[in-house]
Amino acid sequence: MNLKSRPAVALLSLSLAAIALAGCSEESAGSDDGASAGNCDPADVQLLGQVRNESNPYEAAWLDGGDAFAESVGLTQERLTYDGDSTKQQDQIAQRLAGDTECLVMNILPNGDSDTPPIVEGAEEAGVHVVTQWNKPADMDPTEYDYWLSHITYNGVESGQQIGDALAEAIGGSGGIIALQGVLDTAAAKDRFAGLEESLAANPDVTLLDDQTANFSRAEALEVTKTLLTKHGDDVKGIWAANDDMALGALEALQQAGLEGEVAVVGIDAVPDALTAIENGTMTATVSSDGPWQGGVGLAIGYCVATGELSVDDIDDEHRAFYAEQFLITEENVAEFTSPETDTADFECDNVFDRAVGPLP
């Protein structure tokens with residue numbers, strides 16, 4: 001992942017709104033036309049989903065969920081990926097907002113917290129309904145915007161603690177562990193590591209030997225884990241990873257070191273390879289946020305507002321920025337998650353907030 005281009009985001013944020021407006025008529029940029037009034041013909045709605053990359057199974061599943069929703073309403077989803085590059089993400093959004101934005105709905109995974117403001121501000125200027133997920137600055141509130149409909153995330157402290165506790169149990173309540181952190185400029189990475197710290201406080205005989213970022217990347221996690229295994233040797237009894245892609249990279253490092261099955265590994269996302277690893281006993285636990293549901297529901301919220309089936313004014317404040325339900329998966333219940341099916345009933349306008357479990361603080 002290329003995070004070195006972060007400074008360019010500031011420049012892009014200044015120009016994004018202007019670029020968007022240059023490609024939009026006065027009507028499409030906040031007037032009472034069909035898009036802003038929620039009177040879009042369902043057939044005219046445009047759907048766009050954007051994630052970092054499709055090599056990450058969780059993010060690929062997110063876009064697949066968007067496709068499932070789009071198909072359920074007779075539309076197609078435009079799939080965009082930006083390779084974990086903030087500049088590329090902003091450029092993609094700017095170019096899209098400079099084009100045909102009438103009845104456009106966007107479901108976006110910002111690369112980091114600082115990437116959310118220019119995306120939201122550009123969408124607001126262009127009169128484009130947008131839902132963001134995972135990452136935003138803590139002081140940004142969707143209720144202060146007309147077109148930023150919802151921000152969906154998960155209680156990362158809770159999930160980080162859940163897998164931390166599962167790891168502690170797997171190593172018998174004592175021993176050394178290493179931690180693989182995600183992209184540090186994301187709420188998900190910060191909160192999940194805070195959850196690990198809470199787990200360590202509750203399990204005082206478990207020792208954190210080392211922690212390093214692997215940027216949510218399997219390839220980076222492989223190399224970081226190899227380095228940490230060399231550094232700490234037999235003291236490593238468990239590996240805590242902030243997502244499954246890094247957990248799978250850690251498993252590969254263990255396999256290369258001849259330690260497969262001897263060191264407990266936990267992650268988050270419930271990607272298929274992780275579920276298989278839990279089934280065969282090489283991985284201990286993961287947490288599911290249901291990527292396909294995320295990919296579908298973000299578009300569904302926007303579609304419902306754009307077509308007038310749901311009014312922004314009728315969305316409770318607690319649903320403008322909320323935690324969604326998540327599930328701890330271990331060998332005891334993994335069979336329930338290995339063959340998931342997207343239920344398009346979840347995307348009906350009356351149901352889009354059914355998985356909300358509480359507002360963001």
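What is the volume of the second largest pocket? The second largest pocket has a volume of about 420 Å³, a pocket being an open set of points on a 1 Å grid over the protein atoms alone, with protein on both sides within 12 Å along at least five of seven lines. This is a predicted model, in which local features need pLDDT of at least 70 and side-chain atom pairs count only at pLDDT 80 or more, while totals for chains, interfaces and linings use all residues. Residues are numbered from 1 along each chain as its sequence is written, and side-chain values use heavy atoms, with hydrogens and water left out.

The lining of this second largest pocket comprises 25 residues, and K136, A138, Y323, L360 and P361 are those nearest its centre; a lining residue has an atom within 4 Å of a point. At least two lining residues come from each of β5, α7 and β11, and α7 gives the most, with 4 residues. Here helices (H or I, at least four residues) and strands (E, at least two) are DSSP runs, numbered from the N terminus.

Two of these strands, β5 and β11, belong to an open sheet of 7 strands in the order β2-β1-β3-β4-β5-β11-β13, whose pairing is mixed; two strands pair if DSSP finds at least two bridges between them. Because β2 (77-81) and β13 (356-359) stand at the edges with a single partner strand each, one side of each is left without a neighbour in the sheet. From one strand to the next the twist averages 25°, angles running from 0 to 180 degrees between N-to-C directions of axes fitted to C-alpha atoms, for helices over the stretch in contact. Strand β1 (residues 46-51) runs parallel to β2 and is joined to it by 5 bridges, and V51 has T81 in β2 as its bridge partner. Helix α3 (residues 57-72) lies across β1, β2, β3 (104-108) and β4 (129-133), at about 165° to β2, while helix α11 (residues 291-306) packs on the sheet and touches β1, β2, β3, β4, β5 (148-153) and β11 (321-324), its direction making about 150° with that of β3; contact means heavy atoms within 4.5 Å.

A cavity is a set of points where a 1.4 Å probe fits but cannot get out.

A second open sheet has 4 strands in the order β7-β6-β8-β9, with parallel pairing. Its edge strands, β7 (206-213) and β9 (264-266), have a single partner strand each, so one side of each is left without a neighbour. Strands β8 (residues 236-241) and β9 run parallel and are joined by 3 bridges, with I239 opposite V265 in β9. Helix α8 (residues 218-232) packs on this sheet, touching β6 (175-181), β7 and β8, and makes about 140° with the direction of β7.

The structure also holds 2 disulfides, each a pair of cysteine sulfur atoms within 2.5 Å. One of them joins C40 and C103, with sulfur atoms 2.1 Å apart. Because C40 lies in the loop between α2 (34-37) and β1 and C103 in the loop between α4 (86-97) and β3, the pair ties together parts that are 63 residues apart in sequence.

Terms used. Grid points are joined across faces, edges and corners, and a volume is the space filled by probe spheres set on the points.
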